Amino acid sequence: MSDFRPTLRPALGAKTAITSAEVKLSALPEGAIVQVLAPPGEQDLTSFLSGLRKGGVRTVSPGQWFIVGHEPMMRDDMKTLFDTLEPRATGVDQSAGRVRIRIDGAQARRVLSKGTALDLSADAFPVGRSATTLIGHIAAHITRIDTDSFELIVLRGFAESLWDDLTRMCAEYR
């Protein structure tokens, strides 16, 4: 395996964070995103993955998780992670293919509700809950990371479009 790592232009590098008293929209660092896939019948690996301390763990669906971190994972660290996952699961590096966006503030839930049919109330979608959904026509993975904070993971090719949509959805709170 080569140590070659292409230099990527940040997908949202030209975008300016949106900040107001009601809502804040910001691009998160393009660090590491590893998709973990477990075979059918494997038990829930959330606790095991969290114990690896390689980043935050986001449930995607039964048998699938994302491990996310602000810092890029070097080749040797990635290989060690993949070796640790075997044979219970398989890891796939999604770092170059997905982008994370954060939305915070008292109106964050209302902004997101303009674009998705998910019930984002605290009772139905508590801190730590994740779901894959559409925001408008764009597939996104949403995680509530705090009472008024959400993280969105989107395919890199859709990141600018989603950012522009979110910017328009935030307009009344700026």
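1. Two strands count as paired if DSSP finds at least two bridges between them, where strands (E, at least two residues) and helices (H or I, at least four) are DSSP runs numbered from the N terminus. With that in hand, look at Ala140, which stands opposite Val154 in β10. Strands β9 (residues 138-146) and β10 (residues 149-155) run antiparallel and are joined by six bridges.

2. A quick caveat: this is a predicted model, with local features needing pLDDT of at least 70 and side-chain atom pairs counting only at pLDDT 80 or more, while totals for chains, interfaces and linings use all residues. Residues are numbered from 1 along each chain as its sequence is written, and side-chain values use heavy atoms, with hydrogens and water left out.

3. The open sheet has six strands, antiparallel in their pairing, in the order β1-β2-β7-β10-β9-β8. β1 (18-19) and β8 (130-135) sit at the edges with a single partner strand each, so one side of each has no neighbour in the sheet.

4. Helix α4 (residues 159-170) lies across β1, β2 (24-27), β7, β8, β9 and β10, and runs at about 10° to β7. (Axes are lines fitted to C-alpha atoms, for helices over the stretch in contact, with angles from 0 to 180 degrees between N-to-C directions; contact means heavy atoms within 4.5 Å.)

5. Now the cavity (on a 1 Å grid over the protein atoms alone, a set of points where a 1.4 Å probe fits but cannot get out; lining residues have an atom within 4 Å of a point). There is one of 30 Å³ or more. Its lining includes Pro29, Glu30 and Arg100, and strand β7 (residues 98-104) gives the largest share, three residues.

Technical notes. On a 1 Å grid over the protein atoms alone, a cavity is a set of points where a 1.4 Å probe fits but cannot get out, and a pocket is an open set with protein on both sides within 12 Å along at least five of seven lines; lining residues have an atom within 4 Å of a point. Grid points are joined across faces, edges and corners, and a volume is the space filled by probe spheres set on the points.
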